[in-house]
Amino acid sequence: MTETGDAGAEHERRGATGGRVRTSIPVRSGRRLWIFGAAVLVAAPLLAAWSWHAAQGTGFRYEIVKEFPHDTNAYCQGLVFADGMLLEGTGRYGQSSLRRVRLETGEVVEQVDLDTKYFGEGIALLGDKIYQITWRENTAFEYDKNTLKPTGKTFRYAGEGWGLTADGHSLILSDGTSVLRFLDPETFQVRRQVTVRDGRERVTNLNELEFIDGQIFANVWRESHIVRINPRSGAVTGTVSLRGLRSGTTWTGEEVLNGIAYDAEHKRIFVTGKNWAKVYEIRIVRDR
Ligand SMILES: [Ca+2]
């Protein structure tokens with residue numbers, strides 16, 4: 001099509017300017033079209049396979065920049081960096097909370113406990129409000145960013161709540177499936193949603209989230225890697241293996257990797273896990 005189209009365009013251009021008008025516009029013969037079609041048929045699966053492997057191979061690894069202490073009683077479900085401190089949402093019934101934590105020492109500076117009927121999940125900062133979702137209670141809470149006081153405003157949403165982040169405009173919610181919902185922070189109404197795919201495969205169990213430089217980074221429950229997601233298409237654009245980050249343990253049971261926070265000003269990425277003893281500042285580098 002390009003060949004014919006260009007020639008046609010040239011034909012029109014030259015004709016309009018009074019130059020030499022091309023009288024013979026090349027058109028593919030039936031035989032050439034057939035060969036072209038056959039080539040596409042052969043190439044398409046190969047290209048699909050290539051892009052699948054490319055997606056699998058868009059691999060990144062990590063380097064530890066610094067380690068910080070983390071409360072091993074904190075079943076981390078949400079992590080945010082704000083104003084030089086970490087905000088952390090913790091889970092489990094009777095242990096769920098929202099905390100402001102001093103990064104360097106792990107000291108909990110402020111803490112708000114959730115009622116025992118709530119299992120806390122992801123948290124996000126948008127404007128001057130912090131939002132915290134719950135696992136199966138279909139309820140989200142809103143807090144004042146500066147005081148950590150609940151504003152009294154709560155929201156309802158359908159399905160489970162797993163991870164939460166914000167793109168500066170919408171809240172982005174994961175629910176354990178491959179779908180990410182973009183929510184109006186005023187109402188929790190769904191503005192749009194994307195299905196996350198790595199190549200052709202849906203990526204399920206999307207957990208804690210972080211919006212980093214225009215892309216969504218997501219923990220995948222019980223996996224030792226983080227995926228990077230295009231927020232428009234849902235396509236996985238990279239995979240960061242964090243294997244070996246927490247040495248001496250296998251990630252079985254509950255103490256899985258969960259928690260990503262981003263210090264946009266200094267471009268620092270922090271990761272941790274449920275009940276981990278440390279928060280790690282990591283640098284993500286391309287895996288050669
Ligand atoms: Ca986060």
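In the hairpin of β11 and β12, four residues lie between the strands, and Gly176 among them takes a positive phi near 90°. Strands here are DSSP runs of E with at least two residues, numbered from the N terminus. This is a predicted model, in which local features need pLDDT of at least 70 and side-chain atom pairs count only at pLDDT 80 or more, while totals for chains, interfaces and linings use all residues. Residue numbers start from 1 along each chain as its sequence is written.

- β11 and strand β12 (residues 179-183) are antiparallel and share four bridges; two strands count as paired if DSSP finds at least two bridges between them.
- Within this pair, Ile172 faces Phe182 of β12.
- On the other pairing, strand β10 (residues 163-166) runs antiparallel to β11, again with four bridges.
- There, Thr165 is opposite Ile172 in β11.
- The hairpin of β10 and β11 also has four residues between its strands, and Gly168 has a positive phi near 95°.
- Strand β11 (residues 171-174) is covered on both faces, with Leu171 and Leu173 buried on one side and Ile172 and Ser174 buried on the other.
- A residue is buried if 20 or more other C-beta atoms lie within 10 Å of its own, exposed if 12 or fewer do, and partly exposed in between, with C-beta atoms placed from the backbone.

**The sheet of β6 to β9**

- Four strands form an open sheet in the order β6-β7-β8-β9, with antiparallel pairing.
- The edges are β6 (120-126) and β9 (150-156); each has a single partner strand, so one side of each lacks a neighbour in the sheet.
- From one strand to the next, the twist averages 25°, with axes fitted as lines to C-alpha atoms and angles running from 0 to 180 degrees between N-to-C directions.
- β6 is joined to strand β7 (residues 129-134) by five bridges, and the two run antiparallel.
- Leu125 is placed opposite Ile130 of β7.
- In general, strands of a sheet pair through backbone hydrogen bonds, either parallel or antiparallel.

**Ala277**

- Ala277 sits in the loop between β21 (268-273) and β22 (278-286).
- Ala277 has 14 other C-beta atoms within 10 Å, so this residue is partly exposed.
- Apart from neighbours within four places in sequence, Ala277 is in contact with His70 and Thr72, where contact means that C-beta atoms placed from the backbone lie within 7 Å.
- Ala277 and Thr72 are 205 residues apart along the chain, yet their C-alpha atoms are separated by 5.2 Å.

Terms used
Two residues are in contact if their C-beta atoms, placed from the backbone, lie within 7 Å.
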